[in-house]
Amino acid sequence: MDLIKDYQSKKDRSEPYPGTLYIVGTPIGNLGDLSPRAKSILKNVSLIACEDTRRSGQLLKTIKSKVPLLSYHKHNFKSRQSQLLEILKNDESIALISDAGLPGINDPGEELVHAARSNNFEVICIPGPCAAITALVISGLPSQRFCFEGFLPKKQSERNKRLKEISKEHRTTLIYESPHQLIKLLKDLSTLCGKERPIKIARELTKIYEETIGTTIEEVIKYFSANRPKGEFTIVLGGNNNNQEYIITELEALNELNKLIDKGEKPNIAAKKISEQTGYKKNWLYSKLHNKLDK
Ligand code: SAM
């Protein structure tokens with residue numbers, strides 16, 4: 001009962017409420033997207049935890065906020081957590097922001113929210129832009145059901161496993177990728193999903209040079225082979241609507257193998273990589289190479 005009263009009395013006060021962690025969405029490019037409520041929170045909390053104090057310092061300067069900043073990122077989040085919980089215990093309020101977009105979506109946040117909730121602190125989100133959702137709603141691809149993959153794993157075997165899962169997914173899939181890895185990702189998707197799979201690539205969302213590129217995987221590969229990828233990208237991949245698994249033919253697998261070897265990869269490593277990607281046995285691929293070399 002006391003808890004409920006306490007909560008009611010907090011709600012009667014204006015934000016920010018004491019002992020509350022605010023997860024605040026910030027612009028992904030266009031400063032005009034910072035909401036009035038987000039501005040007010042960022043000017044009135046006791047402390048702002050952010051990924052990069054220099055970068056967030058610039059945002060605070062534009063809104064004339066004097067609230068102190070504390071770095072909170074993937075390298076220090078464990079040690080920072082107890083410090084931040086201590087501040088909440090003293091009935092202060094904290095805002096968590098990331099470099100851009102919504103904290104917790106491929107950005108630090110999840111662990112702090114978990115820790116705050118486990119310690120019975122209130123957590124409130126001030127919603128703001130999220131690159132994945134922004135890309136999805138303008139893609140024209142089905143948005144009633146979708147799945148978010150974020151960045152794919154770096155380790156090749158895990159990445160290949162994830163790519164295979166994505167290729168079978170019936171829902172629209174959202175992927176983040178850096179510009180220098182974009183063409184590689186598109187080629188991998190082409191191998192596993194087929195070159196006709198619908199795709200939209202959202203580039204530089206909310207910024208001056210914002211554009212959405214694409215129809216099929218084949219076309220976007222052509223486009224980005226002629227126009228070097230620059231800026232920030234979110235990939236919206238259409239689902240596997242034919243209820244079919246794209247079958248990579250033996251010939252396609254051998255072509256991919258030869259391409260890797262032509263690029264200078266050692267035959268046994270190339271065979272291992274293509275085996276992971278296509279499901280053809282490494283020894284079989286390797287033996288085909290040998291047959292070819294022997295002829
Ligand atoms: N938390 C953020 C959000 O909610 O949008 C995402 C952070 S994640 C570390 C950064 C990735 O999001 C970028 O590498 C890019 O793939 C995507 N992204 C961020 N801003 C973007 C933009 N303006 N246009 C397209 N993609 C963007």
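Cys125 is partly exposed, with a relative accessible area of 38%; partly exposed lies between buried, under 20%, and exposed, over 50% (1.4 Å probe, protein chains only). The sulfur of Cys125 is too far for a bond from the closest cysteine sulfur, which belongs to Cys130. Cys147 is in no disulfide either, and Cys147 is buried. A disulfide is counted where two cysteine sulfur atoms lie within 2.5 Å, and on that rule the count is zero.

The model is predicted: local features need pLDDT of at least 70, side-chain atom pairs count only at pLDDT 80 or more, and totals for chains, interfaces and linings use all residues. Residues are numbered from 1 along each chain as its sequence is written, and side-chain values use heavy atoms, with hydrogens and water left out.

| Cysteine | Relative accessible area | Nearest cysteine sulfur |
|---|---|---|
| Cys125 | 38% | Cys130, 10 Å |
| Cys147 | 13% | Cys193, 11 Å |

The protein has twelve helices and ten strands, taken as DSSP runs numbered from the N terminus (helices: H or I, at least four residues; strands: E, at least two). Its C-alpha trace spans about 80 × 35 × 35 Å along the principal axes. Of the 295 residues, 43% are buried. Contacts (heavy atoms within 4.5 Å) between residues at least 6 apart in sequence join residues at least 24 apart in 67% of cases.
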